[in-house]
Amino acid sequence: MSITDPIADMLTRIRNANLNRWESLDIPSSKMKVAILKILKEEGFIKDYKEVPIADYKNIVRVYLKFGPLKQQVISRLERVSKTSRRVYKKAKEIDKIFGGIGIAIYSTPGGVKSDRECRKLKIGGELLCIVY
């Protein structure tokens, strides 16, 4: 089975694990996925992540999900915006706050993968990968 959209696959795995209140989950590794996970950690949506080598040529990323004191979900919505069939690009001045600033949008920019806050600060646009709140 080949995955046509690995980022959508990662987001679906996180969404499902979050709904089932798993402590952690494993996903196939890539530079783009690790960059997205880094932003999710910095913004407080996941507890942590770490790369785990499983073979000479292959790695997985173990993602540790974050919950409230009574096991409430920190992530209420995780949505892929730009898809392989329909790419969504935003200019720097088109980048808005997500859910009144509570959520984040993750963009693939010429300067790497960045959150909406960083894009506004640096005045750069890019491909809107996903929205989290």
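How many residues lie between β2 and β3 in the hairpin that they form? There are 5 residues between the two strands. The model is a predicted one, in which local features need pLDDT of at least 70, side-chain atom pairs count only at pLDDT 80 or more, and totals for chains, interfaces and linings use all residues. Residues are numbered from 1 along each chain as its sequence is written, and side-chain values use heavy atoms, with hydrogens and water left out.

Helices (H or I, at least four residues) and strands (E, at least two) are DSSP runs, numbered from the N terminus. Two strands count as paired if DSSP finds at least two bridges between them. Strand β2 covers residues 46-53 and pairs with β3 in the antiparallel sense. This pairing runs over 7 bridges. At P53, the residue opposite is N59 in β3. Strand β3 (residues 59-65) also pairs with β1 (residues 24-28). That pairing is antiparallel too, over 5 bridges. I27 has V61 of β3 as its bridge partner. In a regular strand, side chains alternate between the two faces of the sheet.

Helix α2 spans residues 31-42, which makes 12 residues. The expected span of a helix is 1.5 Å times one less than its number of residues. Buried means under 20% relative accessible area, exposed means over 50%, and partly exposed lies in between (1.4 Å probe, protein chains only). The buried residues of α2 are K33, V34, I36, L37, I39 and L40. An α-helix has 3.6 residues a turn, so residues three or four places apart point the same way. Just after α2, G44 takes a positive phi of about 85 degrees.

Helix α3 covers residues 116-122 and includes D116. D116 counts as buried because its relative accessibility is 3%. Contact means heavy atoms within 4.5 Å. With neighbours within four places in sequence left aside, D116 is in contact with I95, D96, K97, I98, G103, I104, A105 and Y107.

A disulfide is a pair of cysteine sulfur atoms within 2.5 Å. The structure holds 0 disulfides. C119 is in none, and its nearest cysteine sulfur, that of C130, is 12 Å away. C130 is likewise in no disulfide, with the sulfur of C119 as the nearest one, 12 Å away. C119 counts as buried because its relative accessibility is 0%. C130 also counts as buried, at 0% relative accessibility.
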